[in-house]
Amino acid sequence: MPWRSRTPREPRSRYRSSLLWRVYDGVSTWADRQRGWDRYPLPIGLAVLIGLRNELRRHNLHDTNLLPTVDLPPLGPPPGDDTTRTVDGSYNDPQSPRTGMAGARFGRNVPLDRVTADTAATILDPNPREVSRRLLTRHEFQPATSINVIAAGWLQFMIKDWFSHGPGDADKPWRLPLSADDDWPQRPMLVPSTVPDPTRPAGSDGPPTFANTLTHWWDLSSIYGTSEQAQAAFRSGTDGKLLIAPGGIIPLPSDDPATDPTRQPGFWVGLGMLASLFAHEHNAICDRIRHDFPRWSDDEVFERARLVNAAVVAKIHTVEWTPAIIAHPTTKVAMRANWFGIEGERLHRLFGRLSSSEVISGIPGSPREQYGVPYSLTEEFAAVYRMHPLLPDDFRIKTAATSGQPRELDFTQLAGPASREVFGQSSLSDLFYSFGTAYAGAVVLNNYPRGLQHFIRPDNGMPMDIAAVDILRIREGGVPRYNEFRRLLRLRPARDFEDLTQDTRLAAEVSEVYGGDIEKVDLMIGLFAEKRPEGFGFSDTAFRIFILMASRRLNSDRFFTSDYDPRVYTTAGVAWIDDATMSTVLRRHCPDLAHRLNAKANAFQPWPGTP
């Protein structure tokens with residue numbers, strides 16, 4: 001079908017001009033401040049969350065493209081038809097083809113005039129290395145007993161799809177002074193600075209901006225790449241399928257360091273497992289589509305399977321991963337409603353959409369909506385997703401088919417080039433069983449993985465304290481510190497350190513690190529310290545950004561809204577998405593797990609056999 005430029009059915013959100021909605025949203029905000037959305041009965045809690053999301057959509061989406069701009073990323077020709085995602089994310093929005101493409105700017109969830117502009121004199125206050133050592137160092141593993149290590153790996157798998165600021169500029173490093181008792185191997189500690197926004201004129205006024213090297217869309221670019229060259233390297237050239245190496249994993253070429261994923265920062269066994277699993281899922285979808293369309297070309301089968309696979313991942317994240325990690329009764333229902341609406345899965349499967357409303361029938365298939373601001377992921381979204389404490393340091397690699405003796409490995413033995421040996425010795429089934437029966441870490445203070453606080457980058461051998469880097473990156477990005485961040489989300493700031501955390505020992509330690517100034521507390525430290533709602537694996541403050549941006553990634557993408565239908569996905573493709581869960585995907589490609597994982601279980605919660 002030829003490419004066609006179309007106007008979105010709802011160019012602006014209806015509730016923005018509706019007095020009734022504004023009153024509803026105001027009452028929701030008042031109710032949340034009085035008691036907290038999580039303390040109301042489920043129906044009231046859901047109603048409050050809808051109003052809070054509306055308020056966030058109204059006040060917390062800001063367009064950085066209004067700032068001075070030069071040298072936009074080059075735009076290629078449109079795709080041959082409107083059923084295809086481009087590899088670089090362009091042309092998703094027909095009226096603004098650069099929206100969300102690789103190289104586009106991160107947006108903001110705080111007003112541009114409230115973006116923090118730390119200077120070289122203030123950005124190291126307090127020293128990120130000291131914040132890391134004193135407030136983040138893991139002295140004893142604190143488990144999150146409601147989720148398993150697959151959930152930790154899944155988050156990184158998603159982040160590799162969503163955003164990256166690039167590898168950093170090693171020629172312009174930050175220099176972190178070290179205390180006399182710090183045994184760090186280099187003095188001072190060097191941290192590459194974030195690469196400047198190439199579309200921002202030098203010397204221009206206003207808050208800092210940064211470009212996303214990945215696409216902003218939920219398009220599974222973590223396995224499909226963001227360039228034609230990268231994508232071609234993943235494809236087999238036959239029947240639309242991706243390459244799978246012996247052992248059932250994605251290819252790990254070792255002859256070229258530039259294309260070897262194990263030498264890229266962030267690669268470890270957990271990431272390779274999930275990339276391999278969904279490469280298998282892609283190929284299974286290809287077989288199903290080829291059955292219905294035997295005359296289609298390799299490219300046609302590939303593009304439809306890619307669409308379906310990305311939607312499977314988006315669905316799993318929305319209705320399984322998220323309810324597992326924020327397991328409050330209200331949010332479990334709310335996140336499923338994001339996909340199925342309040343009509344629920346059963347009615348959806350029987351009758352399809354009952355309404356165009358996302359509230360009634362879910363976001364997929366609803367009208368595309370931008371809320372008056374061009375779509376992008378945001379610096380604040382990237383900041384609240386820095387959840388490295390989910391990773392444990394020690395792993396027990398078991399055998400799924402038998403009860404053999406497990407191997408004890410630490411994180412360094414699963415990361416970078418060392419991951420090759422693990423993949424060579426253990427099947428995907430064994431690895432998923434091992435991760436499924438182990439607890440993830442709690443996202444709290446003093447629970448940062450040792451293997452990341454003393455990390456050696458596989459691409460250049462540079463030692464890194466990723467905890468210190470997390471703190472520094474959030475400051476570099478101009479994201480406000482904790483109290484100001486809460487104010488901008490219409491939340492009450494912490495009055496003092498005892499209000500921040502109920503742990504008096506931690507309150508005293510945080511106070512000492514920040515010189516007694518509660519306004520200096522970093523966003524990440526506040527998020528890890530604050531009391532959280534029942535069943536939550538991360539903070540309520542972070543959740544506010546999540547309920548805004550998790551919906552927006554679907555609402556603004558035509559492949560999840562106006563073009564989410566059998567014409568684009570095929571009838572078999574839509575049915576595949578409807579039937580897919582993480583458990584069905586695992587059981588399909590790892591048959592040894594059939595007797596370990598119940599088909600109806602949430603695969604991100606601890607499996608039977610967890611100690």
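Predicted model: local features only at pLDDT ≥ 70, side-chain atom pairs only at ≥ 80, totals over all residues.
**Group meeting: helix packing and aromatic contacts**

Tryptophan 339 is buried, with a relative accessible area of 3%.

What does tryptophan 339 pair with? Its ring and that of tyrosine 564 have centres 6.4 Å apart and planes at 85°. Planes over 60 degrees apart count as edge-to-face, so this pair is edge-to-face. Tryptophan 339 sits in helix H9, while tyrosine 564 is in the loop between H21 and helix H22, spanning 566–569. The two residues are 225 apart, and the pair links distant parts of the chain. Tyrosine 564 has 13% relative accessibility; the limit for buried is under 20%, so tyrosine 564 counts as buried too.

Staying with that loop between H21 and H22, threonine 561 is also placed there. Is threonine 561 buried or exposed? Buried, at a relative accessible area of 1%. Leaving out residues up to four places away in sequence, threonine 561 touches Ile363, Gly365, Ser366, Pro367, Arg368, Leu554 and Asn555.

Back to the rings. The structure has 26 aromatic pairs. One aromatic cluster is formed by Trp37, Trp162, Phe163, Trp218, Phe381, Tyr385, Phe536, Phe538, Phe543 and Phe546.

Two charged side chains lie over rings. Arginine 35 is over the face of tyrosine 40, 5.0 Å from the ring centre. Lysine 398 is over the face of tyrosine 433, at 5.7 Å from the ring centre.

Now the helices. H2 covers residues 42–59, which is 18 residues. From first C-alpha to last, H2 reaches 26 Å, close to the 26 Å expected at 1.5 Å a residue. Which residues of H2 are buried? They are Gly45, Val48, Leu49, Gly51, Leu52, Arg53, Asn54, Glu55, Leu56, Arg57 and Arg58. The list includes the charged residues Arg53, Glu55, Arg57 and Arg58. The cover over the buried residues of H2 includes helix H1 (19–35), helix H9 (329–340), helix H11 (358–361) and helix H21 (540–555).

In H23, residues 571–579, the buried residues are Ala572, Gly573, Val574, Trp576, Ile577 and Asp578. What covers them includes helix H7 (269–292), helix H8 (298–325), H9, helix H10 (344–351), H22 and helix H24 (582–589).

To recap, H9 is among the helices covering the buried residues of H2 and is also among those covering the buried residues of H23.

Methods
Residues numbered from 1 in each chain as written. Heavy atoms only, no water. Helix = DSSP H or I, 4+ residues; strand = E, 2+ residues; numbered from the N terminus. Expected span 1.5 Å × (residues − 1). Buried < 20%, exposed > 50% of the residue type's maximum accessible area, 1.4 Å probe, protein only. Contact = heavy atoms within 4.5 Å. Phe/Tyr/Trp six-rings, centres within 6.5 Å; stacked < 30°, edge-to-face > 60°. Lys NZ or Arg CZ within 6 Å of the ring centre and 35° of its normal.
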